[in-house]
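Biologist: I want to learn how to read cavities and strands in a model. Can we go through one together?
Modeller: Gladly. Here is the structure.

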Amino acid sequence: MSRRFVAHWLGRVRYAQAHLLQERLLEARIRGAIGDTLLLLEHEPVITFGRGAKESNLLVSRETLASSGVDLHETGRGGDVTYHGPGQLVAYPIFDLRPDRCDVRRYVRDLARVMIALSRRYGLDASFVEGDSKLVGVWVDEGSPSLWQGDPRSEGGARQPAKIGAIGVRISRWVTMHGFAYNVSTNLAGFRLIVPCGITRYGATSLAALGRPVPAVETIARDSLACFEEVFECTATLADPGETAVSLGRASS
């Protein structure tokens with residue numbers, strides 16, 4: 001089937017505001033009041049807990065976070081604890097997967113494939129790792145960023161795996177919310193506040209940390225549209241700021 005979606009660049013948005021907008025758009029998409037919609041943005045520093053998060057994976061007190069200006073939110077997405085901050089592209093698809101893409105595992109892989117395709121535009125050979133729900137996301141080898149050697153748990157696999165993109169989703173009546181976070185020039189110190197996704201043996205990385213070109217996050221967001229089109233076999237339209245203000249305001253009211 002022919003799919004279309006409208007993408008909106010929101011700039012830097014606090015997590016609570018974006019989450020409320022997602023919930024309203026989700027309800028509107030379920031009602032059929034809007035079509036498929038993609039939100040692209042950055043967040044102010046925030047730590048989010050997914051449904052499977054453990055308090056022990058937060059390595060500082062909540063009081064310390066508050067005094068440091070880092071927000072903390074518990075969410076309905078899958079997964080454990082993660083960090084968002086400036087320099088990170090966050091993508092929230094509000095997509096109806098019906099009738100032909102009603103497969104949660106496929107959807108998660110498709111989000112990974114979008115980030116893999118985006119990585120290749122910047123000279124990185126990225127991949128996802130199968131077989132462990134904690135390893136959901138997109139990975140590169142810090143020792144050889146341009147060549148992924150395979151599953152780091154196997155002989156001859158990646159020797160210095162690091163996560164460049166995280167995934168956490170929620171699906172209601174086959175309409176999606178939440179999505180992925182891709183590290184462009186993120187301050188990686190934020191990940192030291194937590195055990196990211198409950199993983200102690202591997203770290204996080206970014207385009208900047210790997211010595212790749214570091215365009216503005218808005219530029220990366222625009223580049224991601226072609227990757228979404230390829231993976232989801234659809235056509236994307238990027239709304240201008242005026243259209244975004246009107247359409248999102250109407251949908252969320």
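This is a predicted model: local features need pLDDT of at least 70, side-chain atom pairs count only at pLDDT 80 or more; totals for chains, interfaces and linings use all residues.

Biologist: Which residues lie nearest its centre?
Modeller: Lys163, Phe191, Pro196, Cys197 and Ala204 do, out of 17 lining residues. The volume of this largest cavity is about 120 Å³.

Biologist: Which strands each supply at least two residues of that lining?
Modeller: There are strand 5 (81-84), strand 8 (161-172), strand 9 (175-183) and strand 10 (203-204). Strand 8 gives the most, with four residues.

Biologist: How many cavities of 30 Å³ or more does a search of the whole structure find?
Modeller: Three. The second largest cavity holds about 60 Å³ of space. Its lining divides into five nonpolar residues, no polar and four charged.

Biologist: Which residues line the second largest cavity?
Modeller: Arg3, Arg4, Phe5, Asp36, Phe95, Leu97, Arg101, Phe232 and Cys234 line it. Strand 1 (residues 3-13) gives the most to this lining, with three residues.

Biologist: Back to strand 5. Which way do the residues of strand 5 point, and are they buried or exposed?
Modeller: Start with the general idea. In a regular strand, side chains alternate between the two faces of the sheet. Now the case here. Val81 and Tyr83 point one way from strand 5, while Thr82 and His84 point the other way. All four residues are buried, meaning under 20% relative accessible area.

Biologist: How many bridges join strand 3 to strand 5?
Modeller: Strands of a sheet pair through backbone hydrogen bonds, either parallel or antiparallel. Here, four bridges join strand 3 (residues 46-49) to strand 5, and the two run antiparallel. Take Thr48: its bridge partner in strand 5 is Thr82. Likewise, Ile47 has Tyr83 as its bridge partner in strand 5.

Biologist: What is the strand order in the open sheet of three strands?
Modeller: The order is 4-3-5, and the pairing is mixed.

Biologist: Why is one side of strand 4 and of strand 5 left without a neighbour in the sheet?
Modeller: Strand 4 (71-74) and strand 5 stand at the edges. Each has a single partner strand, so one side of each has no neighbour in the sheet. From one strand to the next, the twist averages 20°.

Notes: Residues are numbered from 1 along each chain as its sequence is written. Side-chain values use heavy atoms; hydrogens and water are left out. On a 1 Å grid over the protein atoms alone, a cavity is a set of points where a 1.4 Å probe fits but cannot get out, and a pocket is an open set with protein on both sides within 12 Å along at least five of seven lines; lining residues have an atom within 4 Å of a point. Grid points are joined across faces, edges and corners, and a volume is the space filled by probe spheres set on the points. Ala, Val, Leu, Ile, Met, Phe, Trp, Tyr, Cys and Pro count as nonpolar, Asp, Glu, Lys and Arg as charged, and the others, Gly among them, as polar. Buried means under 20% relative accessible area, exposed over 50%, partly exposed in between (1.4 Å probe, protein chains only). Two strands pair if DSSP finds at least two bridges between them. Axes are lines fitted to C-alpha atoms, for helices over the stretch in contact, and angles run from 0 to 180 degrees between N-to-C directions.
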